[in-house]
Amino acid sequence: MANDPNGNAAAKKLTAVSPITGAIVELPANVEVGELIDDPESGDELEVVSLDPITLQPAPQEEEDWGE
Amino acid sequence: MNSSSEIKTVSIVGASGYTGGEALRILLAHPFFRVQQVTSERLAGKPVSSTHPNLRGICDLKFEKAEDLSECDILFLGLPHGESQNRFEEFAGKAGVLCDLASDFRIKDGALYEKFYGHIHSAPALAEQFTYAVPEVNRQEIGVAKHFAGAGCIATCSLISLYPLFASGILREQRAFIDAKIGSSATGASPSPASHHPERAGCLRSFQPTGHRHTAELLQYLPNNGERPEVYLSATSTSEVRGILTTAQVFVDPQRTEADVWGVYREHYNSEPFVRIVKDKRSIYRYPEPKLLRGTNFVDIGFELEPETGRLVVMSAIDNLVKGSAGNIVQSLNIRFGYPERLGLEFVGLHPA
């Protein structure tokens with residue numbers, strides 16, 4: 001594994017597939033269950049619901065009704 | 001690639017209209033184009049800025065008569081429909097590259113042209129010399145084009161949004177129902193009783209429920225599997241001056257998801273500089289909004305899938321005078337001459353607008 005400028009082994013990037021857009025979502029190495037991540041294409045909030053395997057699902061949102 | 005940073009001279013025939021004026025605005029700011037002459041038979045001798053006040057202090061050209069045109073590298077034709085095909089030889093003798101902003105050379109199928117334009121094309125073979133200037137669906141041909149046929153504004157807006165879906169095989173049937181809402185500038189600069197302010201102001205006018213000419217472009221340029229796609233277009237004019245919003249309905253197979261649709265657009269448009277997928281529940285502008293695109297060359301596309309029926313609603317927005325006309329051609333010229341594609345088209349719009 002390649003080292004970074006400080007001589008530390010480069011961390012492998014964590015990724016998951018967005019259930020909304022199918023895009024590859026990059027996650028921080030210290031990601032935790034319950035964390036909210038933005039979908040890079042739609043901007044939708046995704047919730048991390050498990051770490052092994054890393055699984056994302058759309059985060060609950062307040063619904064608006066413009067049809068009143 | 002035909003790259004050259006040599007300055008190219010450009011003239012505009014019929015520069016007093018809205019599309020000609022928009023071409024002039026964009027070309028004046030382009031580093032590799034120098035506007036040489038602009039013509040208007042009616043306004044010959046008058047300063048350009050008296051007709052296009054946004055160019056005060058920017059452009060000191062005066063309108064000239066077309067008969068006084070000198071040779072140039074690129075000639076834009078902003079004439080009423082029919083004149084470009086009748087005067088082709090006159091203009092081809094002036095420039096190596098013609099850019100027709102009207103609808104004279106968009107349709108290569110004579111029968112299709114006659115059906116939607118109501119008359120036989122006076123020079124049907126000429127259409128073969130013109131390349132349809134919509135880079136998102138015609139990039140390779142544009143790179144080696146001789147002349148350019150500017151696309152219709154509604155056609156551009158709907159074609160770019162629907163093309164990937166028709167090409168991908170995701171649709172249950174090759175059929176689209178399109179509702180187009182369009183600003184008043186699309187009708188041109190010539191007044192009519194219908195455009196008189198007391199009649200026009202506040203209208204939401206269904207002006208062409210069937211038979212809109214731009215349907216022909218969609219029938220010709222949407223991908224097909226040997227059979228012509230079905231397109232049902234209705235057009236409504238709004239009180240806005242600029243902008244188009246098309247809302248198209250197509251049907252996908254029931255097992256398809258929105259992620260599949262995202263994937264289709266990602267595959268086709270990830271590297272397109274002017275296409276944006278707009279589908280943001282958190283935003284005030286959750287779907288494409290024409291007013292944010294005024295003056296820009298962007299086309300914003302949004303969609304929503306109704307899972308139980310497979311109905312996919314696709315929204316698309318542009319500025320009809322930029323991406324729907326002059327901007328599309330300048331983008332095509334950038335490709336043709338190997339310039340950076342955004343050159344001259346960098347304006348990102350206003351907010352609030």
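Pro53(A) is placed in the loop between β4 (45–51) and β5 (54–58) of chain A, where strands (E, at least two residues) and helices (H or I, at least four) are DSSP runs numbered from the N terminus. The peptide bond that leads from Asp52(A) to Pro53(A) is cis, with omega near 0 degrees. The model is a predicted one, in which local features need pLDDT of at least 70 and side-chain atom pairs count only at pLDDT 80 or more, while totals for chains, interfaces and linings use all residues. Residues are numbered from 1 along each chain as its sequence is written, and chains are lettered from A and ligands numbered from 1 in the order in which they are written.

Chain A has five strands and zero helices, and its elements run β-β-β-β-β from the N terminus on. Of the 68 residues in chain A, 16% are buried (20 or more other C-beta atoms within 10 Å of the residue's own; exposed means 12 or fewer, partly exposed in between, with C-beta atoms placed from the backbone). Among the contacts in chain A between residues at least 6 apart in sequence, 17% join residues at least 24 apart; a contact requires C-beta atoms, placed from the backbone, within 7 Å. The contact between the chains takes 10 residues from chain A and nine residues from chain B. On the side of chain A that touches chain B, three residues are nonpolar, five polar and two charged (Ala, Val, Leu, Ile, Met, Phe, Trp, Tyr, Cys and Pro count as nonpolar, Asp, Glu, Lys and Arg as charged, and the others, Gly among them, as polar).

Chain B is divided into domain 1 (8–151 + 323–336) and domain 2 (154–320), with bounds from an automatic or database domain assignment. The C-alpha centres of the two domains of chain B lie 24 Å apart. In their contact, 23 residues of domain 1 of chain B meet 28 residues of domain 2 of chain B. On the domain 1 side, the elements giving two or more residues are α5 (110–117), α6 (135–143) and α11 of chain B. The most is given by α11(B), with six residues. By class, this side of domain 1 of chain B has 10 nonpolar, eight polar and five charged residues.

Helix α11(B) also packs against α1 (residues 18–28) of chain B, at an angle of about 45 degrees and with the axes 9 Å apart. Axes are lines fitted to C-alpha atoms, for helices over the stretch in contact, and angles run from 0 to 180 degrees between N-to-C directions. The two helices, α1(B) and α11(B), are therefore oblique to each other (under 35 degrees is roughly parallel, over 145 roughly antiparallel, 65 to 115 roughly perpendicular, and the rest oblique). Thr19(B), Glu22(B), Ala23(B), Ile26(B) and Leu27(B) of α1(B) meet Val322(B), Ser325(B), Ala326(B), Gly327(B) and Val330(B) of α11(B). Six of the residues in this contact of α1(B) with α11(B) are nonpolar, three polar and one charged.

Thr296(B) lies in the loop between β12 (275–277) and β13 (299–306) of chain B and is buried, with 20 other C-beta atoms within 10 Å. Not counting residues up to four places away in sequence, Thr296(B) touches Asp319(B), Val322(B), Phe347(B), Val348(B) and Gly349(B). In the segment after α11 (322–336) of chain B lies Pro352(B), and the peptide bond from His351(B) to Pro352(B) is cis, with omega near 0 degrees.

Key: Contact = placed C-beta atoms within 7 Å.
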